[in-house]
Amino acid sequence: MTVVNPQDYAGLQPAWCPGCGNFGILSALKKALVDLNIPPYNLLVVSGIGQAGKLPHYMKCNTFNSLHGRAVPVAIGAKIANHDLTVIAVGGDGDGYAEGGNHWIHAMRRNHDITYMVHNNQIYALTKGQASPTSDTGFITKTTPEGSPPQINPLALAIASDASFVARGFAGDVDHLAGLIKQAITHKGFALLDILQPCVSFNHVNTYEWYSKRVYKLDEEKKYNPADKIMAFNKSMEWGDRIPIGIFYHKERPVFEKSLKALRNIALVKQPVEPARIQKLMTDFY
Amino acid sequence: MALDLRIVVGGEAGQGVQTIGFILAKAFARLGCHVFADQDYESRIRGGHNFFRIRVRDSQVCAVSEVIDILVALNKESLTLHAPKLDGKGVAIADINMDPELVRQYTVLAVPLNDLAAEKAGNKLMANSVAIGAVMGMLGFDFEILAGVIKDFFESPAKVEGNVKAARAGYDYARQRYDRSPNYDLGSIMRIERMLLNGNESVALGAMAAGCKFLSAYPMTPSTPIIEYMAANAGDFATVVIQPEDEIAAIHMAIGAAYSGVRSMTVTSGGGFSLMVEAVGLSGMTETPVVIVEGQRAGPAIGLPTRTEQGDLLFAVNASHGEFPRAVFAPSAAEDCFWLTIKAFNMAEKYQIPVIILTDHYLATSYFTTEKFDLTGVYIDRGLPMAEDEMGKLSEYKRHRITPSGISPRALPMQSHALVVTDSDEHNEAGHIIEDAETRSRMVAKRLKKLDALRKDMALPHVYGPKTSAISLVGWGSSFGALHEAMGLLRQQGLSINLVHFTEIWPLPAQETADLLGVDRKIYVAENNATGQFARLLNSETGIKISGNILKYDGRPFTPQYIIERLKGMLP
């Protein structure tokens with residue numbers, strides 16, 4: 001059996017700002033992949049556009065760096081065509097929750113077997129500091145000089161959409177995040193992993209220090225049960241002095257890729273092209 | 001005299017116009033006739049005015065006629081609207097309770113449609129089958145063939161029994177009451193088995209023959225039946241059909257599936273294609289093959305959602321920002337839909353580009369009799385694969401390697417240990433994001449280089465009639481049938497004219513096309529749009545001077561008569 005080492009995933013030199021939260025996410029992802037012993041050739045990372053979208057270039061694996069907001073549908077198509085691939089979609093909060101919001105909601109509903117990691121820095125960083133759908137209410141940016149409108153709650157939205165795995169991690173806690181990534185990848189179905197990611201250049205409010213003071217781990221809460229949807233929903237509303245991280249909601253339910261007759265046996269890409277098979281369909285038109 | 005029987009069935013939405021029309025068309029096709037049928041309907045579920053036109057000939061036909069021999073008028077409006085177009089010997093069939101004032105004005109065979117249905121079939125709702133029977137009774141059509149078609153159409157034994165009885169009642173009634181000798185000799189028709197199918201069905205069969213294993217599409221008229229047909233057969237044909245949240249997702253899923261290595265497609269209309277255009281560029285940039293079927297309707301915006309137009313040509317040729325190669329096809333009739341769809345998949349994979357198939361509402365929903373497709377002629381070209389000796393060399397595979405043809409050997413994820421890396425950002429040969437000017441220039445040139453060979457793979461326009469003539473009628477796509485018939489009629493009138501028809505539109509082999517059209521003849525381009533898009537494309541690519549445009553943009557298809565009239569108006 002192949003043994004995967006950290007250097008197998010060594011990619012190009014990142015062009016992120018020094019101290020960027022993305023470094024912690026990249027480290028956690030590589031750690032999870034090594035721990036799960038997934039070789040780079042069995043992994044596909046699909047990304048969108050934004051600083052997070054550059055992530056697959058900084059590791060080494062099958063990569064499709066897609067358009068802004070479109071990582072999820074590309075990932076879904078790739079997974080359906082070859083369900084033997086481990087497929088991870090990555091992007092930022094603007095990419096996933098604004099431009100790609102519709103794709104994200106419906107992907108959760110259909111329960112495709114992919115992992116979606118959203119690097120949530122509450123700001124548009126690649127375009128140098130505009131409001132994001134998760135920017136704090138009233139947050140002043142160059143495009144919202146009178147304050148950002150109320151933010152969306154991605155976790156509550158995911159639970160309402162019956163996403164089968166909903167979790168939040170923190171880029172400042174690599175080991176904990178790597179654990180969540182491992183569980184998201186091994187989960188059968190759509191896994192949303194929202195990751196609190198400090199932006200050192202454009203978000204001077206939601207900093208490492210700001211998050212570190214507030215985050216606490218759900219798995220240390222004795223009474224918390226991620227199978228309980230109402231409890232999960234209530235927990236997803238908590239934001240302010242205390243911010244929970246960990247698995248909010250977890251439910252096993254039918255996976256899209258397992259529900260189709262064409263995918264029941266071997267991967268679609270391995271099935272032969274046989275033009276002569278339509279002969280019998282032609283008789284319907286006589 | 002050559003057979004040319006023209007039937008129109010008219011009524012409200014929900015009255016069964018389509019069912020009557022389809023059963024009649026299928027019965028004539030089964031007898032061995034050449035059949036063409038088109039549909040005209042409003043964007044509503046009930047009410048309004050819909051009609052179904054059928055032409056039955058003993059030679060190939062794919063155009064509508066403005067004259068009617070038999071009119072089935074299911075309501076008053078149908079009689080008022082269509083009866084004035086009845087030929088001198090033409091007859092309308094209407095219910096016996098139809099307004100007597102109207103009945104007096106035209107030649108009407110009044111049939112107790114509802115009463116016969118209630119009396120003979122025990123169900124008033126089967127009046128449509130009485131009407132079908134009446135048409136066939138007037139013509140002395142072989143009732144057993146008709147009964148066979150009804151049987152296949154209704155499937156459930158109870159419905160089959162009732163509808164055959166109803167048809168028989170209408171048939172006998174017309175035989176007794178209609179005493180004129182039939183104008184049409186159906187007795188000499190040879191029994192040849194042909195398919196009767198519409199453009200959508202033909203595209204779907206073509207896609208399945210080509211090995212399309214993934215269709216992601218959002219419902220939109222006129223292309224929705226392609227989704228439904230492929231979905232119905234998906235399980236048996238190892239195909240996945242998915243209806244995503246919108247057209248943007250549809251094309252991205254298709255691109256993702258193609259990246260993993262399956263032939264994939266999306267189908268839509270102009271509005272949906274408008275939403276997809278950014279991803280057309282993604283396909284071009286990442287060199288990921290994808291086939292897009294764009295069933296044009298009368299735009300812009302929602303326009304006339306159930307009507308036809310050839311108004312998206314230049315949009316398809318130019319869709320998406322930036323510069324990259326693509327191919328655009330526009331099939332002429334149902335058979336062409338099949339073969340061009342297969343070719344679209346081959347070109348998409350050979351050149352690793354997006355390929356757009358432009359159908360339109362008219363082509364997509366019209367029925368054509370077609371010889372059975374010879375599947376031994378289906379050729380599958382999956383393009384240039386990664387060489388065997390490259391497999392397993394993890395770090396060496398370059399998805400976008402620069403080659404003399406511009407085509408990079410293609411690997412698939414998990415096919416080997418080679419990693420497949422691609423990017424919508426400008427990238428180097430390895431697929432990683434770059435910014436430098438030199439790499440940018442080399443990669444743009446590499447992608448555009450593919451056009452050289454692609455252009456050679458595009459078939460030249462087909463010339464119908466003599467190779468040279470004083471006048472060339474030029475057309476593209478679905479207007480073929482009307483143009484071809486118009487050209488034939490004009491030649492009978494002594495005009496020196498031929499038809500030069502394009503179905504492989506882009507990239508245009510400019511020099512060869514210019515040579516074919518010559519310099520000293522008059523060229524008239526006919527197209528179903530308001531601005532002469534193809535004429536402009538032809539002129540800009542070849543420098544050929546266009547003598548005149550024949551345009552139609554009322555949402556309705558060309559008729560041969562319309563083309564003849566307009567052309568004659570422009571001739572000196």
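**Strand pairing in chain B**

Strand β21 (residues 548-551) of chain B pairs with β20(B) in the parallel sense, over four bridges. The model is a predicted one.

**The seven-stranded sheet of chain B**

- An open sheet with mixed pairing is formed by seven strands of chain B, in the order β9-β8-β10-β11-β13-β12-β19.
- The edges are held by β9 (240-242) and β19 (504-506) of chain B; each has a single partner strand, so one side of each is left without a neighbour in the sheet.
- Direction ignored, neighbouring strands of this sheet are turned against each other by 25° on average.
- Within the sheet, strand β12 (residues 327-329) of chain B pairs with strand β13 (residues 354-360) of chain B in the parallel sense, over three bridges.
- Opposite Ala327(B) stands Val355(B) in β13(B).
- Helix α8 (residues 199-209) of chain B packs on the sheet and touches β8 (212-216), β10 (263-269), β11 (290-296) and β13 of chain B.
- The direction of helix α8 of chain B makes about 155° with that of β13(B).

**A helix pair in chain B**

- Helix α5 (residues 127-139) of chain B packs against helix α7 (residues 157-177) of chain B at an angle of about 40°, and their axes are 6 Å apart.
- That angle makes α5(B) oblique to α7(B).
- The two helices, α5(B) and α7(B), have a right-handed crossing.
- Residues of α5(B) that make the contact include Ser129(B), Val130(B), Gly133(B) and Met136(B), while those of α7(B) include Asn163(B), Arg168(B), Tyr171(B) and Asp172(B).
- By class, the contact of α5(B) with α7(B) comprises 12 nonpolar, five polar and three charged residues.

**Domains of chain B**

- Chain B is divided into four parts: domain 1 (4-193), domain 2 (197-377), domain 3 (384-457) and domain 4 (462-570).
- A distance of 25 Å separates the C-alpha centres of domain 2 of chain B and domain 3 of chain B.
- Their contact involves 15 residues from domain 2 of chain B and 16 residues from domain 3 of chain B.
- On the side of domain 2 of chain B that touches domain 3 of chain B, α11 (270-286) and α13 (334-351) of chain B each supply at least two residues.
- Of these helices, α11(B) gives the most to that side, with four residues.
- The side of domain 2 of chain B that touches domain 3 of chain B has eight nonpolar, five polar and two charged residues.

**The interface of chains A and B**

- In the contact between the chains, 47 residues of chain A meet 54 residues of chain B.
- On the side of chain A that touches chain B, at least two residues each come from β2 (62-65), α2 (71-81), α4 (101-110) and α10 (279-282) of chain A.
- The largest share of that side is the eight residues from α2(A).
- The side of chain A that touches chain B divides into 28 nonpolar, 13 polar and six charged residues.

**A sheet with strands from both chains**

- Strand β15 (residues 421-423) of chain B runs parallel to β2(A), and three bridges join them.
- Thr63(A) has Val421(B) in β15(B) as its bridge partner.
- The open sheet to which these strands belong has nine strands and mixed pairing, in the order β7(A)-β8(A)-β5(A)-β6(A)-β4(A)-β3(A)-β1(A)-β2(A)-β15(B).
- Its edges are β7 (215-217) of chain A and β15 of chain B; each has a single partner strand, so one side of each is left without a neighbour in the sheet.
- From one strand to the next, the twist averages 20°.

Note on methods. Residues are numbered from 1 along each chain as its sequence is written. Chains are lettered from A and ligands numbered from 1 in the order in which they are written. This is a predicted model: local features need pLDDT of at least 70, side-chain atom pairs count only at pLDDT 80 or more; totals for chains, interfaces and linings use all residues. Domain bounds come from an automatic or database domain assignment. Two residues are in contact if their C-beta atoms, placed from the backbone, lie within 7 Å. Ala, Val, Leu, Ile, Met, Phe, Trp, Tyr, Cys and Pro count as nonpolar, Asp, Glu, Lys and Arg as charged, and the others, Gly among them, as polar. Axes are lines fitted to C-alpha atoms, for helices over the stretch in contact, and angles run from 0 to 180 degrees between N-to-C directions. Angles under 35 degrees count as roughly parallel, over 145 as roughly antiparallel, 65 to 115 as roughly perpendicular and the rest as oblique. A crossing is left-handed if the near helix is turned anticlockwise from the far one by less than a right angle, and right-handed if clockwise. Two strands pair if DSSP finds at least two bridges between them.
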